[in-house]
Amino acid sequence: MKKLILAAAAAILLSGAAYADVIKIGVVGPFSGPFAIQGKNFKAGIDAYIATHGNKVGNDTIEVLYRDVPQADPAQSKALAQELVVKEGVQYLAGFYFTPDAMAVTPLLQQANVPLVVMNAATSAIVTKSPYVVRTSFTTWQTSAPMAKIARERGVEKAITVVSDYGPGVDAENAFKTTFEKEGGKVVESIRMPLSTNDFSPIMQRVRNSGAQAVFAFLPSGPTTLGFVKAYNENGLKEAGVQFLAPGDLTQESDLPALGDAALGILTTFHYAIAHDSPENRAFVEAARKAIGNPAELSFPSVGAYDGMHVIYKMIEATGGKQDAKKAVDAVKGLAWESPRGPVSIDPETRHITQNIYLREVAKGSDGAYYNKEIKTFEKQPDPGLAAAK
Amino acid sequence: MQVFFSIGVDALAYGMVLFIISIGLSVTMGLMRVVNLAHGAFAMIGGYIASYAARDLGLPYGFAIILAVIGTIIIAIPLERFLYRRIYGAPELTQVLMTIGITFCVIGLANYVFGPTLKTIPLPAELQGPVNLGFRTIAAHKLFAIGCGVVVALGLWFLIERTSFGVKLRASVDNTAMAASLGVRTRIVYAASFALAVGLAAFGGVIGAELLPVEPYYALRYMVTFLVVVSVGGAGSIPGALIACLLLGAIDTTGRYLVPEYGEFFFYLAVIAIVWVFPRGLLGRAK
Amino acid sequence: MSATEISAPFEQAKPMRRPWQRDLAGVLIIGVAAVAGYFLFPDNLALLTRIIAIMLLVLSLDLVTGYCGVATLGHAALFGAGAYAAGIAAVTFGITEPLSMVAIGAIAGAVAGLVSGVVILRGHGLAQLVLSIAVIHLFHEAANKASTYTGGSDGLSGIAPDPVFGLFAFDLWGRTAYVFGIGLLILVFVLLRILVRSPFGTLCRGIRQDPIRVSAMGASVKASLIKMYVISGAVAGVGGALNAVSTQVVGLDSLSFTNSAEALVMLVLGGAGSLYGALVGTIVFMWFEHVVSAANPFHWLTIVGALLIAVVLFAPKGLYGTAVTLMKRFIGSRQ
C-alpha cells in the first residue's frame, strides 16, 4: 500500500498537473486464433485514432488495455471484462467482434458504471440489452437490406439466398428476404449451410437448378469465402448470368488479393470501403496502414474501432474524466460527425450508428490491386433490424 | 439421373482431395502407430512454401509442388530427430500432447512469418477455369486432383506391398526388435516413412489448396476431418483410406446437396453408423 | 497407457496412513489454496471461478480417461449439456435457485454421459476417438439448431440466478460465485475420492489394465464403463452449471471440440489417472494461458505449444505424476 502511495505521488509530481488522470479503456477482441486479423484491425483503428488525435483528452491521459478472446466464448469474455473493471479499473469497455461476447458483458454495465462501445458485433439486439451500449459498427440487417432494393432495381424477379447457418447468416437471410419480397420480388429458395462447409460445388448446383436470376450470399469473412466465390465461377454460374449479391463481409479488403479475378463484378452493400474517396478517409487509411504494419491486412473492423474511439473521446470530454456512464452515454446521443466512411450519427433512440450504405463492385485498379468500388449511396440508413424484431 | 451424375462428380473430386491430404496420416498412424495431430501443420507448411514459390517468386506450378514437398521434408527432419523419436511407442495421450504442442507452435510461427491473411497458390492456365463435361461444368483443377489421387494411391500401394522398402517397413512396425536383429536399420526405416508421410501431406496441402485454402489455422481447422477419414478407413490401410474418403466424400456432398441445413448431422451420423458396423474401421487390421 | 498409472505407487509409498487421512489432507490443501486464492488474487475471482468450472470438467474426464482408459475428444458434450440445461431452466422455466440449477445441470450431464457413453464405448482406439468427435459435433449442431431455447450462435444470455440460500447475491467482484464454486468443488472431490477407492473404482482400474481378465472374473465391462460415464457426466454437468450460474451466459463454445481437446490437454498435462493431477493440470494450463495471453495476446499460442512439448520431453508422466516420482526418489535417497 505504501508503495502504491509513493508511486502515485511520484506520478503526480512527474506529470506536473495536479488533476491529470489516467483513463483506462479495456478492449476485448480476438487478438489470436483464426480471427486474429480482425483483432489486429481493432488495434490498428485505435492506434490510428490516437496517432492522429493524441493520447490526451484535456489533462487526462488515455491508456488502452487489450484482452484476448480468440473465438466466440461469452464466459471468457465476461470474466475478462469483469477483471478489466474490478482489477484494472477501466472506465470504458470497447471492442467485441462476436455478438455472444458482447451480449455476455451487458449485464455488468449498470453495476460497474461503465459504458460499452461495440466496435463490431453486428446483431441488432445487443443495444437493447443495456442502456449503456453504443455501437459504432453496423448490423447485418443494415448492410443486407439495401441489397434487396438493388436487386429489384436491376430487374431481378427471382432470387435465392445462401447463408451460413448461424446467427448473422440467419439475420442476413431475413433482411434480404423481407425487403426483397416487400419490393415485389420472390425468394425461390433459402439455403442454410453449416459453417464447416468446405466444398460449395453441390450448393452451386442447387442454385443453378433453382432457376433464380441472382444469388444472395452471406458467409463470415475469412477462408470459406474463397472457396465459395471460386465455386460460383467454376460451376458456370457467372457465365450463366446469375448475379452474385452479398453484404460486404464477403469481399473484405484483406481477402480480396486471395479472391483475385474470381471476385470481379461481385456486387456488395456495406458501410465502409477502404477505397472510399474523402479527405477524412485518406488520412485514416494512411494512419491505419502505418499502425497495422502490413497494408494488405487492413479491413472494415478498423473503422468501427476508429469511430468507437471518437465516441469514447467525446464521452471523456463530456464527463471531464469522471466515471459516469449515464452522463457519458447521454452526451453522445445524437452526436454527428464526419467519419472516414462518410457522415454518421448516433441514433438517440437506439444508440446505434446511422450511416450511409454503399453499393460497391469489386474492381481492379490501375496498379493491379483489387478494391471495392463505390457506385451508389443509400444515405443515412438506420438499423432496420430492431424494427423487424418488434 | 443428371443430378446423380452431378453429385457423383463433386463427390469424387472432394473425396480424392481428402484422400491425398490424409493418406500420409494413415501411414503415420497405422504403420508407425503415432497419433500425429500435427499432420495438418505439415500440409499447411507445404501450402505456404508453394504459395511463396509460385506467387512471390513466380516459379512454375510443377516446380512449386516439388519445392513444397522437399522443403517440408527438410523442415520435418529435425522435428523427427528431436521430437517424434521420443514418442514412438509412447502412450497415445502423450503423443496427442506432443503433436498438439507442435501444431500450436507451427500455427504461431506461420502467423508471425506469413501473417493471418489467406495465401493462394496461382494455378497454371491449363488448370484454371471450368471444363464442360456435357451435363455440367467442373473446375479443371478438380480433374487434376482426381488424377493425382489415383497416381498417389497406386504408387503407395506398390511401394508398401511390392518393394523391399515396404517389406522392411511392415517388418519394423510389426516387431521392431526382431526386424532390427535381422539387419533392418529400423531407425532409418522409421525416418524414411516419416519423411514419406510428411511429403504426402505437403503434396496434398498444395493440391487441395483450392478447396481448403492456406491460412495459419489450417492446421487445426481440418485436423478433425483428416482424423475422421483415416480412422473410418482403418489406419494403415491404403485401400481402406481410399474407400473411406470416397464414401465420406459422397455422403458429405449428397448431404449438402439434398439437405444442407442438416449437413453436419448427416455427415457425423453416417460416421457413427460406419464405425458402429466396423469398429476397427472399414479395412482396419485387428490388433 | 502407462502414463496413467501413477497414483497406485504413490499410495503404496505410505502404507501406514489411513486413506481417509490422506483425503482429509487433500481437502485441506484445496481449502488452503482456495483461501489463498481469495486473498492473493481478489481481483481475479472471475477467472478463478472459471478455472474451478473447468476443473470439474477435467476431473470428470479423468474418471473415464484416467481411470477407465477411454480416449475421448468429445467430453465437453457433458459439460455443455449441464451448462445449457441450467441456463434453459433459468431463462425458459424460471428456475433461478442456484442449487436447483446445479442439480438440473448434473442430471442433464448424466443423461448426456449415458448417451455419449453408449455411442463412444462401441469403438476401440482410434475408432473411439472418432466416435467421440462425432458426438461432440452432433451436440454442437443440435444446440445451434435449437436456437429458440439455446440462443444459437448468439449465446444464451439473461440467466439471472437468485442469491445463494437467499442470502448471498452474485456480485460484480465474483466473490459469491467463487465461494459457491469452491464449495461444489470440495463436495465433488470428496465424493470422487470415495468413488475411486470403492470396489467399483478398483474394478474400473482393472478394466483399464486388462478388460479381458475382468470379464473373465464375471464382471460386466460395458455396464461398468457406462455407469462410470453417467457419474462422469454428472460431475461435468455440475461444472457446466457452475459456469452458467457464475457467468450468467452460455455459448456454443461450451459444446465445442476445442473445449474437449483443451480439457484432454489439461488432464494429460497434469497427469491422468489421479484426481490431483487433473486439478494441477487445469490450474497450470489456464493460469499460464491467462498470464501469457495478457502479456502478449499476439503470440501466446507459440509459447503454449512450447510448454506442451517441454512437458512431454521433461515430465512425461504429467506435472503431478513427475513431481510424485521426484519426491519419492528424494525420500528414497534419504532413507
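# Close-up views of a predicted model

**View 1. Chain A meets chain C.** In this predicted model, 28 residues of chain A are in contact with 26 residues of chain C. Three elements of chain A, namely β3, α3 and α4, each supply at least two residues of the side that touches chain C. Sorted by class, that side of chain A has 14 nonpolar residues. Seven polar and seven charged residues are also found there.

**View 2. The sheet of chain A.** Six strands of chain A form an open sheet. Read across the sheet, the order is β2-β3-β1-β4-β5-β6. The pairing is mixed. Which strands sit at the edges? They are β2 (56–57) and β6 (133–135) of chain A, and each pairs on one side only. Strands of a sheet pair through backbone hydrogen bonds, and they can do so in parallel or antiparallel fashion.

**View 3. Strands β5 and β6 of chain A.** Strand β5 of chain A covers residues 116–118. Three bridges join β5(A) to β6(A), and the two run parallel. One residue pair to find is A:V118 in β5(A) and its bridge partner in β6(A), A:R135.

**View 4. Two helices on the sheet.** Helix α3 of chain A, residues 74–88, packs on the sheet. There α3(A) touches β1 (22–29), β3 (60–68) and β4 (92–95) of chain A. The direction of α3(A) makes about 170 degrees with that of β1(A). Helix α4 of chain A, residues 99–112, lies across β1, β4, β5 and β6 of chain A. Helix α4(A) runs at about 160 degrees to β5(A).

**View 5. Two domains in chain A.** The domain assignment gives domain 1 of chain A as 20–138 + 277–351. Domain 2 of chain A is 141–270 + 357–382. Their C-alpha centres lie 28 Å apart. The contact takes 12 residues from domain 1 and 12 residues from domain 2 of chain A. On the domain 1 side, six residues are nonpolar, four polar and two charged.

**View 6. An enclosed helix in chain C.** Helix α4 of chain C (residues 76–91) has 16 residues. From first C-alpha to last, α4(C) reaches 22 Å, close to the 22 Å expected at 1.5 Å a residue. Is this helix enclosed or open? 16 of the 16 residues of α4(C) are buried, so the helix is largely enclosed by the rest of the structure.

**View 7. Chain C meets chain B.** This contact takes 36 residues from chain C and 36 residues from chain B. On the chain C side, α6 (126–145), α12 (257–270) and α14 (300–314) give two or more residues each. By class, this side of chain C has 27 nonpolar, seven polar and two charged residues.

Definitions and conventions: Residues are numbered from 1 along each chain as its sequence is written. Chains are lettered from A and ligands numbered from 1 in the order in which they are written. This is a predicted model: local features need pLDDT of at least 70, side-chain atom pairs count only at pLDDT 80 or more; totals for chains, interfaces and linings use all residues. Two strands pair if DSSP finds at least two bridges between them. Helices (H or I, at least four residues) and strands (E, at least two) are DSSP runs, numbered from the N terminus. Two residues are in contact if their C-beta atoms, placed from the backbone, lie within 7 Å. Axes are lines fitted to C-alpha atoms, for helices over the stretch in contact, and angles run from 0 to 180 degrees between N-to-C directions. The expected span of a helix is 1.5 Å times one less than its number of residues. A residue is buried if 20 or more other C-beta atoms lie within 10 Å of its own, exposed if 12 or fewer, and partly exposed in between; C-beta atoms are placed from the backbone. Ala, Val, Leu, Ile, Met, Phe, Trp, Tyr, Cys and Pro count as nonpolar, Asp, Glu, Lys and Arg as charged, and the others, Gly among them, as polar. Domain bounds come from an automatic or database domain assignment.
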